[in-house]
Amino acid sequence: MSDDVYVRRRKRAARRCRETEADAIVCFPSRNLQYLTGYTEEPGERHLLLVVPAGGDPGFLVPKLSAARIRDATSVDDIRTWSDGDDPVVAVRELLADRGVRAGHLLVDDTMWARFTQDLRTAAPDATWGLASEALADLRIRKDETELAALREAAGIADTVVEELRELGADVVGRTEAELADWIDDRLTAHGGTEPAFETIVAAGENGAKPHHHPGDTAIRTGEPVVVDFGTRVDGYPSDQTRTLAFGGTPPETYRRAHEVVREAQAAAVDAVDPGVPAATVDRAARDVIAEAGYGDAFIHRTGHGVGLDVHEEPYLVAGNDRELEPGMVFSVEPGVYLDGEFGCRIEDLVVVTADGVERLNTTDRGWR
C-alpha cells in the first residue's frame, strides 16, 4: 500500500482521538501498528512505540538497531532511537513530553505487553488510560477498496485450494490430519499466499466435534467427515474458509442430515446480511434453523467474526450485539453442529456488506463431496 494510505489512517486516528476525548494512541508491534504505518515486527523485549497524538505529528521510539529498517518501511518523519545502554523509560518520557501528552488520557495498544504498559505509567504518572480500540476499532471495522482487494485475493486463493482438495478425492484416505494440513499450507503458498492466516485445522471423524482441533496423527478414513478450516494472507489481510468434506466414500445418514442443516443455516444467515441490520440478527437467522432441526445445543459458538488485519476482530455476529452492519464490514458466516464422540460440521465463508446487500468472498461448493 502507498504511504498516502497510512498518512490518511494516522490523520483519521488523530481525529478519532479528539472525538473520544483522548490525547494520544500508543502502539507497539501489533496489527494496530501495521494498520497505521505498514510496519510489521514481532513483539520483543526492546521498547518500540508509536505515539499518535490528537494534535500534531506522530513519533516513533525504536531500538537503534531497528531504526534504518523502520525509516525505510514507514512514512513517519520523527523516528528517535535508544540504545541498549540507555534507560528506555527516559526516552519514552521525552517522546510523550515532546508530543504534549505526558498527562491527559492515553489509549494503549490492546495487546501491549505488561512490561511496556508499566513503563508508560512510570513515564506518565499523571495520565489516565484506555485501550487503542476505543479509537481504532471504528476505523478498522469498515474496509476500504485497497483492503477489500487484498481480502478478495486471499479468499480466491483459499477457494482454489478447496477445489484442489476435492480433486484429491480418495487419495486423501490414509493421510494423517497433520500431513493434510501441511499439504494445504504448501498449496496456499504456491498460489501466492504469504503465510497461513492461522494454524490450519484438519479434524477427522470425532475430532471434528472440537471446533479448534489441532491436527495430529489421526489417519483419515474412507467416507468420514473431515473439517478443514484454513486461510492465507495477501498484503497482510487474511482469508478464512471452512468446508467439511468426506473423501473416497459416503458419510452416514446422521452426518448428511446435519450437514444439510448447517448449509441451510449458513444460507439463511448470509441472506440476513444487509446494511442497517444488527449483527445479532444474522446470528439469530443461523441459530433458528439449527435449533428447529433439533441441534440447538450442538451449535456452541457465535455465527461469525469480523476479519481484517486480525483474523478475529469486530463486528462479532453474536446474540446481544446490536451494532448495525455497514458497507465495508467484512466477517465470517460459520454456523456449525458438533456432536461429541461422533463428528463435527462447519461451513464458513467470508462476506462483505455492500451498499445494497452482501457479497460472498468465497464461492466454492459447500457440499460434503
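Of the 369 residues in the protein, 56% are buried, that is, under 20% relative accessible area with a 1.4 Å probe and protein chains only. The model is predicted, so local features need pLDDT of at least 70 and side-chain atom pairs count only at pLDDT 80 or more, whereas totals for chains, interfaces and linings use all residues. Residues are numbered from 1 along each chain as its sequence is written, and side-chain values use heavy atoms, with hydrogens and water left out.

The secondary structure consists of 10 helices and 18 strands (DSSP runs numbered from the N terminus: H or I of at least four residues for helices, E of at least two for strands). The radius of gyration, 23 Å, is close to the 21 Å given by the globule rule for 369 residues, so the protein is as compact as a globular protein of that length; the radius is taken over C-alpha atoms, and the rule is 2.2 Å times the number of residues to the power 0.38. Along the principal axes, the C-alpha trace spans about 70 × 40 × 35 Å.

Among contacts (heavy atoms within 4.5 Å) with a separation of 6 or more, 66% join residues 24 or more positions apart.

Strand β7 covers residues 201-204. Its residues Ile201 and Ala203 point one way, Val202 and Ala204 point the other way, and all are buried. An antiparallel pairing over four bridges links β7 to strand β8, residues 225-230; strands count as paired if DSSP finds at least two bridges between them. Within this pairing, Val202 has Val228 of β8 as its bridge partner.

Definitions and conventions. Buried < 20%, exposed > 50% of the residue type's maximum accessible area, 1.4 Å probe, protein only.
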